[in-house]
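Welcome to this short briefing. Please take a look at the sequence and the model below, and then we will walk through some parts of it together.

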Amino acid sequence: MYTSRAMTTPIFALFAVMAAIISASTQDPDISPRPPMGFNNWARFQCNLNETLFTKTADAMLEKGLQAAGYDSINLDDCWHVQSGRNAKGELEWNSTLFPHGMPWLGEYLHDRGFKFGNLFGAKCNLKIITDASPGIYTNAGNMTCGLYPGSQDHEEVDAKTFERWGVDYVKVDGCHMDLQQNRTYYEEFEYRYKLWHSVLTTQLRKPLVFSQSAPAYFSPNFHLDQNNTDWYRTMNYIRSTGELARHSDDIKVYGNNPTNTFEPGGHWESMMNNYIMEVRLSRYQSCGFFNDPDFLIVDWPDLSLDEKKTHFALWSSFSAPLILSAWIPDLKKEEIAYLTNKDIIAVDQDALCEQATLVSQNEDGAIDVLTKNLANGDRLLTILNHSNQTRTAVVPVERLGLDAEKRYTWKDLWTKKTGAIRDQVRVTLKKRQTAIYRISSQQGKKLSVTPTGQIFNTFSLNCLTSSVSHHSPGNIRFTACEGDDEQVWQVSTQGLISSLADNKRCLAVVSGQIKMEKCDERNKGQKWIYGINGNVVTKVKGLCLTEGTHGRASVGKCGSELDSQVLALPGGVKLTN
């Protein structure tokens, strides 16, 4: 449905101009150097908002120590402005019944208390996020917001200048109700609008605004169930250069989709896990200056246990994702405030490397996921998720962390603050839907020497690359369901050699056009691979791409453009090529 076709000459020329002036995101990480932390009303209150909600929220965040812990953004969502249209000057206006003092007054109220003010509007399609800036605002790239308020399509410059006049320096742009113009396809209209917004924000204002984008969500696997992922990947590719944050998939399930904000139980854990599995497919795109956003932290949902809420917080922090609370802050319990203000875990989220944790393994019954990432001081993060409904014991050998089994390490449990020594493995028993999170260090206090280690999986099928150490079929390399075996845990050397933990003396190789495992040899170009931001794993011999074929057969073939069969996730720390 959304296959791109050739652009008209004027559109192509405009894109060329935009490309020449890009100055945000990965080009200028200082615009948003760390993932944002704060509050947004949408998931908890939706359209049930007014001025008092935000003033009371700000006061409660101060009182409960949330602001001191780093949650310093206050953000409005949809339904805040006049629905009937723009004023005589063509500008947007706020609803004076809901906000009698106005947006500039509310911004001043928040600033006086040390908060950053985020202002979001656009609803039903449920694609929101906030940023690490000063006053911020939200609009929609289409002609109406998701909640049927005036959108910004063809009003990009006037709206940006209105926001600037209000003291805004953050804007989130949603993608509902996109009106296709000049024979552009759906994909082309999104690309045009988001690049146009970037151009306006970086060239027409006194300083660039932080730009949070929803475009990827409209091409994500769940948004178009019958489509391939090609346009999702293509959108992620350009969006990392046009802004600082991107909602990549579904909204977290809201508290209650009704006018009275009555709680509607069910599906909240599943929604959290859906956004989690979308996030792990996209780690290659994240770097300081651009953050993948899996949506809000839902803190006071009655059908979530404390362990489930803490899992949500631990996973999002492991990802260095935005930590945006959507809750009635004045009534949060002490135990909820305690985990939300955990300094050690917040430090993981705000770590200077900005790495997103990647999957080491997933076991055969889908119970235990193991994730790791590097930390700026040279430590290694270890996160272990039990998303089953039963108590489980997880054992993680140090080799799976990319570490040398002959050396000794220490661990710190970031929940309990307990520490200990590691001999050859980390072992932990986890209750239903509980998550452990550790910082692994050298006993000598030195930076760890880490080899990128973990799953290699197809981000469309979610099948894992699997080696075979069988004497009868040593060349049987396939993509199969992820089971957590050593045959599915791979290490990638600095020279680009790929070997499994099941037999680290044999490397993935191309021999006469076929994929095989053979004795590792750094001089053999047939064993050397490079990994691109587009997700392709490319052999240095003839530039062929590792491909999941029919019935999971692993092969190499001519590289296509963001093909589902060729877009793979590799362990974190592998050097990327653009």
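## A first stop: Asn222

Asn222 is partly exposed, with a relative accessible area of 31%; here buried means under 20% relative accessible area, exposed means over 50%, and partly exposed lies in between, using a 1.4 Å probe and protein chains only. Keep in mind that this is a predicted model, in which local features need pLDDT of at least 70, side-chain atom pairs count only at pLDDT 80 or more, and totals for chains, interfaces and linings use all residues. Residues are numbered from 1 along each chain as its sequence is written, and side-chain values use heavy atoms, with hydrogens and water left out.

**Around Asn222**

- To find Asn222, go to the loop between strand 6 (210-213) and helix 8 (230-242); helices (H or I, at least four residues) and strands (E, at least two) are DSSP runs, numbered from the N terminus.
- Which residues does Asn222 touch, not counting residues up to four places away in sequence? They are Asp250, Asn274 and Met278, where a contact means heavy atoms within 4.5 Å.
- The side chain of Asn222 has a polar contact with the side chain of Asp250, at 2.8 Å. A polar contact is a pair of N or O atoms within 3.5 Å; within protein, one must be able to donate a hydrogen and the other to accept it, and residues adjacent in sequence count only if both atoms are side-chain atoms.
- A polar contact also links the side chains of Asn222 and Asn274, at 2.6 Å.
- Along the sequence, Asn222 and Asn274 are 52 residues apart, while their C-alpha atoms are 9.3 Å apart in space.

**The whole protein**

- The protein has 12 helices and 32 strands.
- Of its 578 residues, 59% count as buried.
- Among contacts with a separation of 6 or more, 70% come from residues 24 or more positions apart.

**Two buried serines**

- Ser32 sits in the loop between helix 1 (9-21) and strand 1 (37-40).
- Is Ser32 buried or exposed? Ser32 counts as buried, because its relative accessibility is 0%.
- Ser32 and Leu245 are 213 residues apart in sequence, and 8.7 Å apart in space from C-alpha to C-alpha.
- Ser318 belongs to helix 10 (residues 306-318), and Ser318 is buried with a relative accessible area of 1%.
- Not counting residues up to four places away in sequence, the residues that Ser318 touches include Val348, Glu355, Lys373 and Ile437.

- Strand 5 and strand 6 run parallel and are joined by 4 bridges; two strands pair if DSSP finds at least two bridges between them.
- Opposite Lys172 stands Ser212 in strand 6.

- Strand 15 (residues 409-413) pairs with strand 16 (residues 419-422) in the antiparallel sense over 4 bridges, and Thr410 has Ala421 in strand 16 as its bridge partner.

**The largest pocket**

- About 320 Å³ of space lies in the largest pocket. A pocket is an open set of points on a 1 Å grid over the protein atoms alone, where a 1.4 Å probe fits, with protein on both sides within 12 Å along at least five of seven lines; lining residues have an atom within 4 Å of a point. Grid points are joined across faces, edges and corners, and a volume is the space filled by probe spheres set on the points.
- The largest pocket is lined by 18 residues, and the closest to its centre are Ser493, Thr494, Gly496, Val574 and Lys575.
- Strand 27 (residues 529-532) gives the most to this lining, with 3 residues.
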